[in-house]
Amino acid sequence: MGFVRLVLGGFVILGVIYICVSLYSRSVRREKLEGWWEDAPVDGMTREAYIADGMAKYEAGLRKKLIWLIFVIPPIVVGTIIYFIN
């Protein structure tokens with residue numbers, strides 16, 4: 001039963017960390033897009049459309065997918081530690 005609590009508690013904590021990192025990464029990307037728009041506006045495109053297009057590319061990009069490793073790497077590390085200790 002203790003192992004089940006460890007796994008569930010771990011995934012709840014990892015979920016909170018994932019949400020925080022995801023929101024932070026989105027805000028950083030949005031700020032960069034806003035800065036790029038201020039430096040060199042794109043002709044024929046509004047600021048909101050430019051940012052929406054950039055965020056859509058971000059959602060489909062590799063960085064967004066790499067954040068999912070938050071759910072993969074810590075369980076592997078903990079499992080490895082438990083295996084070698086026992």
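How many aromatic pairs does the structure hold? In this predicted model, the structure holds 6 aromatic pairs. One of them joins Phe-11 and Phe-71, whose ring centres lie 6.3 Å apart. The planes of these two rings meet at 20 degrees, so the pair of Phe-11 and Phe-71 is stacked, the cut-off for stacking being under 30 degrees. Phe-11 belongs to helix 1, whereas Phe-71 sits in the loop between helix 3 (62-66) and helix 4 (73-85). The pair therefore ties together parts that are 60 residues apart in sequence.

Both partners of this pair are partly exposed, Phe-11 with a relative accessible area of 40% and Phe-71 with one of 22%. Phe-71 also forms an aromatic pair with Trp-68, and this pair is tilted. Its rings are 5.7 Å apart, centre to centre, with 35 degrees between the planes. Trp-68 counts as partly exposed because its relative accessibility is 46%, which falls between the limits of 20% and 50%. Through ring pairs, Phe-11, Trp-68 and Phe-71 are linked with Tyr-18 into a cluster.

Helix 1 also contains Arg-29. Arg-29 is buried and yet has no salt bridge. The nearest side chain of opposite charge is that of Glu-59, at 9.6 Å from Arg-29; a salt bridge would require a side-chain nitrogen of Arg within 4 Å of a carboxyl oxygen. With residues up to four places away in sequence not counted, Arg-29 touches Trp-36, Met-55, Tyr-58 and Arg-63. The contacts of this buried residue thus include one with another arginine, Arg-63.

Met-45 is found in the loop between helix 1 (2-39) and helix 2 (47-59). The residue is partly exposed, its relative accessible area being 28%. Not counting residues up to four places away in sequence, Met-45 touches Trp-37, Tyr-50 and Asp-53. Along the chain, Met-45 and Gly-9 are 36 residues apart. The C-alpha atoms of Met-45 and Gly-9 are separated by 46 Å.

How values were computed. Residues are numbered from 1 along each chain as its sequence is written. This is a predicted model: local features need pLDDT of at least 70, side-chain atom pairs count only at pLDDT 80 or more; totals for chains, interfaces and linings use all residues. Side-chain values use heavy atoms; hydrogens and water are left out. Helices (H or I, at least four residues) and strands (E, at least two) are DSSP runs, numbered from the N terminus. Buried means under 20% relative accessible area, exposed over 50%, partly exposed in between (1.4 Å probe, protein chains only). Contact means heavy atoms within 4.5 Å. Rings of Phe, Tyr and Trp (its six-membered ring) pair if their centres lie within 6.5 Å; planes under 30 degrees apart count as stacked, over 60 as edge-to-face and the rest as tilted. Lys and Arg count as positive and Asp and Glu as negative; His and the chain ends are not counted.
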